Amino acid sequence: MTTFILIFAFLFGLVFGSFFNVLIYRLPLGKSIIKPGSACPNCGNPIKWYHNIPVLSYIILGGRCAHCRVRISLRYPLVELLTGALFALTVGVYSADIARLTITLYLVSILLVVTFIDFAHRIIPDEISISGMILAPIVSTIFPSIHTEMLFAIRPAEAGQFAFINGLLACLVGMLVGGGVVYLVGLIGKAVFRKEAMGFGDVKLMALLGGFMGWQSILFVFFLGCIFGSVIGIIFWIVTKDRYIAFGPFLAMGALVMLFLKPQIIQFTFYTYPEFLRGLLLY
Ligand SMILES: [Zn+2]
């Protein structure tokens, strides 16, 4: 992996991040994502291309609109930099497998957009979740090798000419487990706390992610999401006195961890952790 390719992936990510900013701003408002071109939300002046260069323009213009000098949210360069960093990381990790590389770039993009929309509006747009739920079974049938989890004692990669059936099944089981676990915990939470804990948007997001990542990964995603959610949720509650915080961003964080650290997480959970527990019991 040459540094040149990683820098190229980062720059590529910056440009995509600029487009994700458009999605984050327009999707929750139900506006078209293609037309019209970007304009300042305050003065309405169209943003010229040389004022729309990712990160650079923000720094040169001092974080303000070129016309009316109103402050532009730090979210814009932040989303661009995050996309650049995650694209470079994805290319660095998955460069050997073009199918998984493409799918991971797609998932990373979705997770970024969903995180910022859900945090601000507490919704996960159907444009993202439903389209992904349709895409998952199609992609899994064409590229069954993206599913590495054991299914009926067969790995999709070792299923020969029927691999496509295994890919499709692995996807459907993943969708069912991902959507199902959030739905069930939501039902229990509602019965116990008499309060909506998780929305149906989370169910659809987890079905989408499960369809691409498989049932094993998606259970870890949920578990990690709950850990991140409780730790950060308590801090958020102390700081803002707001008891309600969207769950989507934490599921997204869990998914990012599983996309890049799955072997380490599996190793820790099934091999290191029991040793650690045994050590505690014995001494
Ligand atoms: Zn302006």
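**Confidence and overall fold**

Modeller: The average pLDDT of the protein is 89, and 92% of its residues score at least 70; pLDDT is the predictor's confidence in each residue, from 0 to 100. This is a predicted model, in which local features need pLDDT of at least 70 and side-chain atom pairs count only at pLDDT 80 or more, while totals for chains, interfaces and linings use all residues. Residues are numbered from 1 along each chain as its sequence is written.

Colleague: Where in the protein is confidence lowest, and where is it highest?

Modeller: Where pLDDT is low, predicted coordinates should not be read in detail. Here the lowest mean, 83, belongs to helix 9 (residues 248-282), and the highest, 97, to helix 3 (residues 75-94).

Colleague: How many helices and strands does the protein have?

Modeller: Helices (H or I, at least four residues) and strands (E, at least two) are DSSP runs, numbered from the N terminus. The protein has 9 helices and 0 strands. Its radius of gyration is 21 Å, close to the 19 Å that the globule rule gives for 283 residues, so the protein is as compact as a globular protein of that length. That radius is taken over C-alpha atoms, and the rule is 2.2 Å times the number of residues to the power 0.38.

**Helix 6**

Colleague: What span does helix 6 reach, and what is expected?

Modeller: The expected span of a helix is 1.5 Å times one less than its number of residues. Helix 6 (residues 163-193) has 31 residues and reaches 44 Å between its first and last C-alpha, close to the expected 45 Å. Arg194, which follows helix 6, has a positive phi near 50°.

Colleague: Which residues of helix 6 are buried?

Modeller: A residue is buried if 20 or more other C-beta atoms, placed from the backbone, lie within 10 Å of its own, exposed if 12 or fewer, and partly exposed in between. In helix 6 the buried residues include Asn166, Leu169, Cys171, Met175 and Val182. Their cover includes helix 5 (126-142), helix 7 (200-213) and helix 8 (215-240).

**Domains**

Colleague: How is the protein divided into domains?

Modeller: Domain bounds come from an automatic or database domain assignment. Here they give domain 1 (1-88) and domain 2 (97-283). Between them, 12 residues of domain 1 are in contact with 11 residues of domain 2, contact being C-beta atoms, placed from the backbone, within 7 Å. On the side of domain 1 that touches domain 2, the largest share, 6 residues, comes from helix 3.

Definitions and conventions. Two residues are in contact if their C-beta atoms, placed from the backbone, lie within 7 Å.
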